[in-house]
Amino acid sequence: MSEAVAHDHHHAHPTGLKRWLFTTNHKDIGTLYLWFSFTMFIVGGIMALVIRAELFEPGMQIVKPNFFNMMTTLHGLIMVFGAIMPAFVGLANWLIPMMIGAPDMALPRMNNWSFWILPFAATLLVAPMFMGGNFMDGQGPAFGWTFYAPLSTNYQNLGFFVFAVHLLGISSIMGSINIIATILNMRAPGMTLMKMPLFVWTWLITAFLLIAVMPVLAGAVTMLLTDRYFGTSFFIAAGGGDPVLFQHVFWFFGHPEVYIMILPAFGIVSHIIPTFARKKLFGYSSMVYATASIAFLSFIVWAHHMYTVGMPKAGILFFTYATMLIAVPTGVKVFNWVATMWRGAMTFETPMLFAIAFVVLFTFGGFTGLMLSISTADFQYHDSYFVVAHFHYVLVPGALFAIIAGVYYWLPKWTGNMYSETLGKWHFWLSAISVNLTFFPMHFVGLAGMPRRYADYQLQFAEFNMMSSIGGFVFGLSQLIFLYLVIKCIRGGKKATDQVWDNPEGLEWTVPSPAPYHTFETPPAVK
Amino acid sequence: MDAEQRKANSRTVKKAVVVVIGMFAFGFALIPLYNVICEKLGINGQTEQVSKAVAAKVKPDLQRSITVKFYSHVNSGLNWEFEPAVDQVSVHPGKLTRVEYIATNRTGAETVGRATFRISPPEAARFFKKSECFCFTQQKLKGGQRRRMPLVFYIDPKISKRIDSIILSYSFQNAAQYAKK
């Protein structure tokens, strides 16, 4: 590895608001993405707490049923498209150029554009919530984040939703094209594909998934739009369309989408575990191939989300076996992480704690996924809280914990200051305990037959729901510790060394802390 | 960024844009593709329409009988009454059978409905042949009108021995928006 190449700023760049509006710097844009994502995380989180408050006791207490449905819908959409995905793009912006020794992203102006579309898309998405006079009668989308036709085609403000999704799609397609171009063309001399850090590899594969499936999503919402406003009947039975076909098209996008939200997380964890186990990552190339296999398989398993629509046996069997097959490459990954920790000189700083929690709890979510893949069993689990528990396990202690782990891991590099380890540990333990308190009981109520997406439930589910609600509020509030910790770390603290951790691997640790505005203007030499 | 890198970037972008446009088109192509693929594999749950001449030539298998049950359903947007004349029949595979559904327009105004159907188990769909069905076309009923709607079918004798009962379920929706002028 070369020594750090840090330059003073060549040009005076604008300050204040203009700096952020017009910036083409990958670090600035990464920061914007991360703050946007955190804001959306809070907004979506408040919606989740409205849901949990309503479900604290049986009966209708706080909101009207339609408002409740609006909360489940917007919570899902905002967390997927507003929080998790932009957070990964933010990390990609900050880290990929530094990891591959590039001065910036390949297409800096498009980078600015792909970020600044997001706030407008989010506004369009939530705007109908404030229509309808009384706040409690808001007319936001209330058909579930999966917007199945024909329920969604009957929604009066469908146009807002459709164009919001279009904008979100355009933003992430532009972001992905940028990432692909950066990784393929901007690597420092000597950085061959098989020398790339795993975060870069997983993002490359994710970006390909994104440009393959986001246009399909755009097509699906466009078809809804023309069904609603222009008299077509792609999905309306009365006009000769087929509502089940909507589910096929949606999940053809939807399943790769769930891997879009987890592959970069695999990458992050594959950086953190070796650092704190003080060993090289076990099985680097198998990690790359496993990621690629998961991406490939994601295209041929979509119908496992819709076993109950009345598919013939041949279809059900195909999707059952294909789905189970995904456990193989995923198992390879989990094995590699565990093997990396095996006999390592481990220490348990906050990023490592989150990474270990990721490995354990993501695997747990994977196991319930395996249960759901068994079509005959799925007939019982379908659309129950068991499914809610499953995907929250892979998304919250899965994707979200990996993002948080990544932020803790690279925060000293970004800010130049060490974060408070004490607060970090508080954040971790409160989050790890409360996330399980929130989602674990959902398995039980789901198996006992509590359906998802209802504002009320039968009395026998009361205790478990109360536990979930308490867990949800503790989890939500403990994220404020994280916010406080990050702000405190930006403002000052113990100075971080350039390496930050004990001999971490990667070019990003060869630049000074905090990382200067411009890095690697002269490419480093990679051995 | 040097000129060479710029060129490489613009090449990559062009390729990626082609992929994006291609996949957008593919999203729409999925609609006919699903129909074609499922039809070829015989897994689309659709039944085949056959001519009366073909239907007459099939030899019934008098050794077997299959129970066919008729269900009906009207979607909330349509104020019709809609029921099978008989709830179930027992037929020999290959024997042409005629049954009727009865629809009544409960409103005072003319309405157009369209029926869709489903067959359970789905594996039976491809052996269920119809030579006449009210579901092939839109149905227009004047206010208060009652109509007996025929369904003429036979079950292909090649159907799996394990299937001894089939459910045929029709559902009517309001098709006013899509009425043929």
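**Reading a predicted two-chain model**

User: Why is A:Asn503 called exposed?

Analyst: In this predicted model, A:Asn503 has 8 other C-beta atoms within 10 Å. A residue counts as exposed at 12 or fewer, so A:Asn503 is exposed. A:Asn503 sits in the segment after H16 of chain A.

User: What makes the phi of A:Asn503 worth a remark?

Analyst: Most residues other than glycine have a negative phi. A:Asn503 is not a glycine, yet its phi is positive, about 60 degrees. A:Phe147 is another such case, with a positive phi of about 35 degrees although it is not a glycine.

User: Is A:Phe147 buried or exposed, and how do you know?

Analyst: A:Phe147 has 23 C-beta neighbours inside 10 Å. The cut-off for a buried residue is 20 or more, so A:Phe147 counts as buried. A:Phe147 lies in the loop between H4 and H5 of chain A.

User: What kind of peptide bond runs from A:Ala149 to A:Pro150, and how do you know?

Analyst: The bond from A:Ala149 to A:Pro150 has an omega near 0 degrees and is cis. Most peptide bonds are trans. A:Pro150 is placed in the loop between helix H4 (108-126) and helix H5 (158-185) of chain A. The bond from A:Ser513 to A:Pro514 is also cis, with omega near -5 degrees, and A:Pro514 belongs to the segment after helix H16 (462-491) of chain A.

User: Why is A:Pro264 called buried?

Analyst: Around A:Pro264 there are 30 other C-beta atoms within 10 Å. Burial requires 20 or more, so A:Pro264 is buried. A:Pro264 is part of helix H8 (residues 263-277) of chain A.

User: Which residues does A:Pro264 touch, leaving out those up to four places away in sequence?

Analyst: A:Pro264 touches A:Phe88, A:Leu91, A:Phe199, A:Thr202, A:Trp203 and A:Thr206. A:Phe199 is 65 residues from A:Pro264 along the chain, while their C-alpha atoms are separated by 6.1 Å.

User: Which residues touch the most other members of the largest nonpolar core?

Analyst: They are A:Ile84, A:Val269, A:Phe358 and A:Ala405, in a core of 187 residues. Helix H3 (residues 65-100) of chain A gives the most to this core, with 23 residues. Another core lies apart from it and has 26 residues, among them B:Val74, B:Phe127, B:Tyr154 and B:Phe172.

User: What confidence does the predictor give to chain B?

Analyst: Chain B averages a pLDDT of 88, and 97% of the residues score at least 70. The model as a whole scores ipTM 0.89 and pTM 0.92.

Technical notes: Residues numbered from 1 in each chain as written. Chains lettered and ligands numbered in written order. Predicted model: local features only at pLDDT ≥ 70, side-chain atom pairs only at ≥ 80, totals over all residues. pLDDT = per-residue confidence, 0-100. Core = buried A, V, L, I, M, F, W, Y, C linked by C-beta atoms within 7 Å. Helix = DSSP H or I, 4+ residues; strand = E, 2+ residues; numbered from the N terminus. Contact = placed C-beta atoms within 7 Å.
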